[in-house]
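These are my notebook entries on one chain. I set down what I looked up, entry by entry.

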Amino acid sequence: MHRLFGKPKPKVEAPTLGDTSSNIGNRIKDIDDKINGLNGELKRYSEQLKKASGPTAANIKKRAMETLKRKRMYENQRDQMANQQFNIDQTSFAIDSVRDAQTTVSAMKEAAKTLKKENKKLNLNDIDNMQDEIEDMLEDVGEISEILGRSYGMPDGVEEEDLDAELACLEDEWAAEAQAEAEAATPNTVSASAAAAMPASVFSLPAQPNSRMVNTAVPQQPLAQSAPAQSVAATSFV
């Protein structure tokens with residue numbers, strides 16, 4: 001059979017758009033590398049021309065012109081392949097968009113069938129009646145809450161002057177409480193200035209010496225409410 005009809009040719013799969021775009025991208029990358037190399041050569045020739053003169057400069061300029069021609073050729077090839085890659089990518093994007101649209105339409109058809117099937121389980125009249133019943137019950141609950149929330153024995157109204165007077169009294173009470181707390185937190189000590197202003201006899205210390213005898217009477221605190229007050233004479237000598 002093979003001698004008469006020959007062997008069938010193996011089936012070759014057509015390249016995909018993604019593979020084609022990837023291959024073109026690799027070729028563009030190679031051309032960019034070549035262009036970068038030519039740019040390096042042109043830079044080297046430019047530096048040599050600054051130092052050369054005469055026939056040497058002419059020879060360097062000739063080689064630079066040839067390098068520039070090759071660079072322009074590679075740039076044209078790169079631009080052509082870039083346009084091809086762009087067209088391939090656009091085509092691939094259009095195909096993907098059509099496939100996505102087909103999937104979306106298919107999913108929406110199934111969703112419409114499901115929605116229609118589930119919608120038959122609902123009765124609009126029953127839903128409307130249920131909503132009316134709920135609304136009536138909520139109104140009844142509101143009236144019950146209002147009735148139960150009534151206050152008994154409350155004054156009819158409060159004037160603004162009553163409010164100002166009440167706040168002023170409360171501020172006085174708060175200030176008195178704060179002062180009492182501050183005095184309770186402060187230790188019961190006598191400052192140096194207060195001690196200097198008091199007479200020396202208060203602390204049972206001898207008075208300041210004088211040229212003559214001074215008699216001072218220091219009253220004592222009463223021991224009890226029924227006991228009479230007594231005085232003690234203190235005498236200091238020079």
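At what angle do helix 2 and helix 3 pack, and how far apart are their axes? I find an angle of about 160° between helix 2 (residues 17–51) and helix 3 (residues 55–119), with the axes 8 Å apart. Helix 2 is therefore roughly antiparallel to helix 3; I apply the cut-offs of under 35 degrees for roughly parallel, over 145 for roughly antiparallel, 65 to 115 for roughly perpendicular, and oblique for the rest. Axes are lines fitted to C-alpha atoms, for helices over the stretch in contact, and angles run from 0 to 180 degrees between N-to-C directions.

I next sorted the residues of this helix 2 and helix 3 contact: 18 are nonpolar, 11 polar and 11 charged. Here Ala, Val, Leu, Ile, Met, Phe, Trp, Tyr, Cys and Pro count as nonpolar, Asp, Glu, Lys and Arg as charged, and the others, Gly among them, as polar.

I noted the basis of the entries. The model is predicted, with local features needing pLDDT of at least 70 and side-chain atom pairs counting only at pLDDT 80 or more, whereas totals for chains, interfaces and linings use all residues. Residues are numbered from 1 along each chain as its sequence is written, and side-chain values use heavy atoms, leaving out hydrogens and water.

I checked confidence through pLDDT (the predictor's confidence in each residue, from 0 to 100). The chain averages 77, and 70% of the residues score at least 70. Over residues 210–238 pLDDT stays under 50, and the model has 21 contacts beyond four places in sequence for them; contact means heavy atoms within 4.5 Å.

I listed the elements: six helices and two strands, in the order α-α-α-α-α-α-β-β from the N terminus. They are DSSP runs, helices being H or I of at least four residues and strands E of at least two.

Met81 is buried, at 7% relative accessible area (buried is under 20%, exposed over 50%, partly exposed in between; 1.4 Å probe, protein chains only).

In helix 2 I looked up Ser21. Ser21 counts as buried because its relative accessibility is 9%. Outside four places in sequence, Ser21 contacts Gln85, Ile88 and Asp89.
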